Amino acid sequence: MGGIREELLRVENPNKSTFETVCVVGLGYIGLPTAAFIASKGVKVTGVDVNPDFVERINRGEVPFVELGLDNLVRSVVERGLLTARSTQVPADAYIVCVPTPVRGENHEVDTKFINAAVEAMAPHLSPGALVVLESTSPPGTTREMAQLIIERRPDLSLNDGDENAISVAHCPERVLPGRIMEEMESNDRVIGGLTPRGTQMAVDLYSTFCTAELLTTDATTAEMAKLTENSFRDVNIAFANELSLICDRLGIDVWELIELANHHPRVNILQPGPGVGGHCIAVDPWFIVSSAPEESKLIRMARNVNNDKPQWVVDKVTEAIESLEKPVVSALGIAFKNDIADLRESPSRHIVRQLAEENPRAEIRVVEPNVGELPNDLKVLKNVRKQDLDEAVADSDIVLLLVNHREFLALDPSMIGAKTVIDTKGVWNFG
Ligand code: SAJ
């Protein structure tokens, strides 16, 4: 049954565009590469962002954040006149909404204010036949609510396939891994769910302009849930690894050796413990499932809490290690949310540095982060925190705290460590 259903869900990639103009709303980590990939296929793309600095820089062919290889693509489509950034929306055949969907409040509900603002600005430009795709990660039901908002603003339009004045609406969640966007944008399978069959088919046509992988079709609500499920799966599995790291620390077992051994079993594949889970996706999306079905989401909620508690556990470990030192110096290696990127959002390492400095005012924290020019403001304001180069920071410190497995840290010369205390939250060094 499952196999047959899967066959039915697959849609052949027609690889041709029926869209002459596309408007991508939100030019962040997802919107900008999406806009650039579509433009690279010869479609005229307008990218829209509320940040005037982003608009200016993109129109100069620059990428306002770090993503390997994206700068060449953006430069080329901007130079060829295929991608133009601006601060207001324009009439287009298709719209792709890639704005943030933060969580808010104690119940961790979604805040749709950016989607709503995007739709308010879009509504006056919509014509019958247009397609609107929501890419932003959202709780089940959000795409339908977005469509209803459009109709409230434009009662002259319809959501029913076949009506002369119909527009189409679909959800197509992004799935690319920051740091590998250039490869994954084209080659990751996509889940596409329209509110109507025509919405699904139009979105398949749009994404097939640049995505060479399978375009799997379903309804909008299942597509929304699929994305949340993927990230929750990872969160739950990382929580398992993080919980193991606490258990092993208590029992005097090397958790990384343990995981390596257990992973030799043909049906076991444990992820890696770390200082916590960061980024704007895995640390956030599971809450959308919890807030949609709080009674039933016991494991998903627990996993979130396990991962959220890990940074404080690391802070406590370092605090314990510096207790006997009069003027302790700690080198904190990495404040990005994961390796080899410059993204500091929801970063457990950044949180650990802040907490450590605040809880231990007599300690000096030397932060090493090769991927950013300067410290973010929340760390800059702390008197006992400053940024330093790797070699100097390690040489000056009593405790070396590895928080992110950046390539520069993996290559550290073990002789630099000597008799210093090492707290390796990623299990990448073997200096013992
Ligand atoms: N982490 C661990 N242990 C691991 C793996 C990851 O502690 O074994 C930590 C990382 O250090 C980081 C966090 O988890 O702090 C998340 O990193 P990640 O590389 O697992 O994922 P993201 O947040 O960069 O990207 C995820 C991806 N989702 C999945 O892998 C299911 C990506 O495909 C999504 O597009 C992205 O979320 C998103 O935008 O939703």
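1. In this predicted model, four elements each contribute at least two residues to the lining of the second largest pocket: helix H9, helix H10 (255–262), helix H12 (298–322) and strand E16 (421–424). The largest share of that lining, six residues, belongs to H12.

2. The second largest pocket holds about 650 Å³ of space. It is lined by 25 residues, and those closest to its centre are Asp254, Trp256, Ile423, Asp424 and Gly427. Sorted by class, the lining comprises 11 nonpolar, seven polar and seven charged residues.

3. In total, 21 residues surround the ligand, and the closest are Glu174, Arg175, Val176, Lys227 and Arg234. The shell contains nine nonpolar, four polar and eight charged residues.

4. Which domains give residues to the shell around the ligand? Both domain 1 (6–219) and domain 2 (323–432) do, and the ligand therefore lies between them.

5. For Arg175, a polar backbone atom is 2.6 Å from a ligand oxygen. A polar side-chain atom of Lys338 lies 2.7 Å from a ligand oxygen. The ligand taken alone exposes 770 Å², of which the protein buries 88%.

Terms used. Residues numbered from 1 in each chain as written. Predicted model: local features only at pLDDT ≥ 70, side-chain atom pairs only at ≥ 80, totals over all residues. Heavy atoms only, no water. Near = heavy atom within 4 Å. Polar contact = N/O pair within 3.5 Å; in protein donor to acceptor, adjacent residues only side chain to side chain. Areas by Shrake-Rupley, 256 points an atom, 1.4 Å probe, with all protein chains shown as cover. Nonpolar A, V, L, I, M, F, W, Y, C, P; charged D, E, K, R; others polar. Domains from an automatic or database assignment. 1 Å grid on protein atoms, 1.4 Å probe; cavity = no way out; pocket = protein on both sides within 12 Å on 5 of 7 lines; lining within 4 Å. Points joined across faces, edges and corners; volume = space filled by probe spheres on them.
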